[in-house]
Amino acid sequence: MSQFVDRRLSGKNRSAVNRQRFLRRYKSQVRKAVTDAVSGRKVEDLERGQEISIPSKDLSEPIFHHGSGGKREAVHPGNQEFVTGDQIDRPPSGGGQGGGQASQDGEGEDDFVFELSKEEFMEYFFQDLALPDLVKTQLAATPNVQKVRAGFVSSGNPANLHVVRSMKQAIGRRLALSSGPREALREAEEALEELMSAGRGDCIEADELRAEIESLKARIAAVPFIDTWDLRYANRTEKPLPSTQAVMFCLMDVSGSMDEKRKNIAKRFFMLLYLFLTRNYERIEVVFIRHHTVAKEVDEDDFFTSRESGGTVVSSALYLMHEIIQARYPTADWNIYAAQASDGDNWDDDSSRCRALLEQSILPLVQYYAYVEIEAEEPQGLWLEYEKVKAAHKHFAMQRILTLEDIYPVFQELFKKKVA
Amino acid sequence: MDREPTSPVPERKPLSEGSEWSFELLDLYDRELERVARHYKLDTYPRQIEVISSEQMIDAYSSVGMPVGYNHWSFGKQFLSTQKSYKRGQMGLAYEIVINSSPCIAYLMEENTMTMQALVIAHAAYGHNSFFKGNYLFRTWTDAEGILDYLVFARNYVAQCEQRYGEEAVEELLDSCHALMNYGVDRYKRPSRLSMVKEQQRQIEREEYLQSQVNLLWRTLPPKQAGGQEAAAIRFPAEPQENLLYFIEKNAPRLQPWQREIVRIVRRIAQYFYPQRQTQVMNEGWATFWHYTLLNHLYEEGKLTDGFMMEFLQSHTNVVYQPPYYSKFYPGINPYALGFAMFQDIRRICENPTEEDRRWFPDIAGSDWVQTLDTAMRNYKDESFIAQFLSPKLIRDLKLFAVVDDDQKEKIEIAAIHDDAGYRAVREQLADQYNLGNREPNIQVYQVDLYGDRSLTLRHYMHNRRPLGGTTREMLRHVTRLWGYPVRIESVDQQDKRHLQLECEV
């Protein structure tokens, strides 16, 4: 009879390692496919799996095989009309090969297609990306930890001595150690009682019993009330606090010149940054500030959908951002990132004010400030002023985006991992 | 169908109704199958049947049927493509995985119906299993008891090497070895038994010994003047060597001891799978014949329901379907179809021989079919099996015809068809088609330039003027990576004329 084994619950990911190796080996192809996919996808859609196809020839495992030519003989089934000696035209494209060969090379033409899971897709998307000076130096040096209770241990310092636990332990030990003598004591006392009631309290037996009772009592009394191994100490372990929280400011120009298409590009830019932050911080808050001539903090829907018209005063948004930081996000607790998108339009005399604001109030507070100028015909006043800022500050970056396909490369450029 | 008359129709008492399976039912069906298998004198290794999920089945597929394997990206590639086609429903994961080991391991997928489970048990645990145990190639070339241990040894060894020398170095080496896997087989020598413990002990000794041997070979100082003439005349190797991986393992000048060991591992695994490549038609035909015969036997005893048989026959029919050559789904000859038809046909010749059968098969016509099939299973491989047993009737049934495609002629020619004049030619041709020596280019180690640039020359002995395919250059790079010095390949035709010459520098 056969042995049946239920293996359903034992590991099912035996191939996980091999799968990872495959992906690693074809990293460049997979990443190219991911890049293509990202530029074609909707933003809300970003976090899902992707079908990846790689040309088969890139990942062939070669073997020695016969090429076409020479004399080949083959047997096939299903003859209908042929008789011996018939001469037939060659079927096109080498179809006349023997069956074995044909199936061996048959798949050579198609791409190799497979599914990338959502996690894998996002990992590829974010690979090699890390924000510069990611965590504040101070946080990196001494990670915040919290002491949390974690049961009891038998060694510790006196301050942590847990009296109740220790006494419980002592009671148990005393009971265990004295139960034998107690039993004997009870029996001896009963025997003595019997003798007494029989009026033979003075006989030798009774004296012996009395002596035994005395010695048993002494033994019971000798069990220590509390001993060193009864001691229990409260245990505490250090649990790292989710110290990494970040706030991301999204600043966008919603003046008349920002049309739907530009907003869409900006939206993708923000979303990509947001997704990236979610990989690196446990908790992220997002503040949306839109502005035309005046700035306003809004929720996400309003941020992307509302239309305003009129002129543009960029500094209004910067003022508001500064206020919000002061009021709600002390830099000791928050990593602050800012992303600004605009079409570059601004009141002429406002641009220099923006520069001053950035350099004096905002840049000292933030980890990173990214500015993208979307579909600007030529560098505008704001761009020229910002260029001066960029020259002086390492954590300020700016890019121009022209088409949808530019987004991913721009993103990579902005947040390229720094080579140590 | 079992043709033995079962005169009093037995009362139908099916083992189970409905399609749900349970471990109790598996056990019940297995006992019944075992009883019937014993009735037909099937001799098997102990059977271990593992119930697994579809994901685990994909895992099993992607490690090319090795229950334990070392890690390599190519298995990941296999996994991804299997997973993909399974998810899309392009393939059912059914009964293909069975391990030639003792105990013989077969897999049942939890999603399958009771019918499919019984089919798989009959096919794999009794059919393939008895083939593994009985066929002379498997008996000679594989070691069912030792293989699991050896695979464990191989996996651990490769993992160790990865830790010591880096994943990349190991991966490159394995790539090259895999490319040459088909040329890592001894065709005539019997390999020694596998055992993990011995392997581990010997591995260390071997490492030192091998290295010293290689050093000996390459230690040669420039030949002295007096012996100069003589030295140049010494050919190394003295005879061409067909086992490229073996030659490399023993003689490649630059391989590290651990690299030699990995070459050896790939070589031994290739050797283990070699019989399977030579007995596709027989092995699948045998297993299919027996699942068909065993289940029909149970049905005639009244132990299977009609519904069971309908489901079983549908699946069986799909497996043995042979599309004709003009179908757009024609993938070549289906080994299940050919093998099954041949075993059925041999049984027919034994039980109800015609006058023609008596002329063609005087030895077996009218003999005991169980005995005859057993002999056929034990002593043949695809090539000789077809050459021996393909009958004119089967050639007619399958409408087989032979084609010659000669690139020096304008048209292809029908060499023979299923008629009196053609039976032998078709049979010979088909047998030839299963000769691995004809399917794969015949490439051998020809010469090593011991006293010069240490280059290695491979020789491709052409058959029917067939040239090497487009991968040759790439393959040469793999050989060069293993050899460490320049490698040349030349194609030589039957008249000893050289055709192709390629060289790959380090």
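Guide: Let us begin with helix α6 (residues 147-165) of chain B and helix α7 (residues 167-179) of chain B, which pack at an angle of about 130° with their axes 6 Å apart. Helices here are DSSP runs of H or I with at least four residues, strands are runs of E with at least two, and both are numbered from the N terminus. The axes are lines fitted to C-alpha atoms, for helices over the stretch in contact, and the angles run from 0 to 180 degrees between N-to-C directions. The angle makes α6(B) oblique to α7(B), because angles under 35 degrees count as roughly parallel, over 145 as roughly antiparallel, 65 to 115 as roughly perpendicular and the rest as oblique.

Before going further, please keep in mind that this is a predicted model, in which local features need pLDDT of at least 70 and side-chain atom pairs count only at pLDDT 80 or more, while totals for chains, interfaces and linings use all residues. Residues are numbered from 1 along each chain as its sequence is written, and chains are lettered from A and ligands numbered from 1 in the order in which they are written.

Where the two helices meet, Val158(B), Cys161(B), Glu162(B) and Tyr165(B) of α6(B) are in contact with Glu167(B), Ala169(B) and Val170(B) of α7(B); two residues are in contact if their C-beta atoms, placed from the backbone, lie within 7 Å. The residues of this contact of α6(B) with α7(B) divide into five nonpolar, no polar and two charged, where Ala, Val, Leu, Ile, Met, Phe, Trp, Tyr, Cys and Pro count as nonpolar, Asp, Glu, Lys and Arg as charged, and the others, Gly among them, as polar.

A residue is buried if 20 or more other C-beta atoms, placed from the backbone, lie within 10 Å of its own, exposed if 12 or fewer, and partly exposed in between. Helix α10 (residues 244-251) of chain B is mostly covered, with seven of its eight residues buried, among them Tyr246(B), Phe247(B) and Glu249(B).

Chain B also touches chain A, and this contact takes 55 residues from chain A and 80 residues from chain B. The residues on the side of chain A that touches chain B divide into 19 nonpolar, 20 polar and 16 charged.
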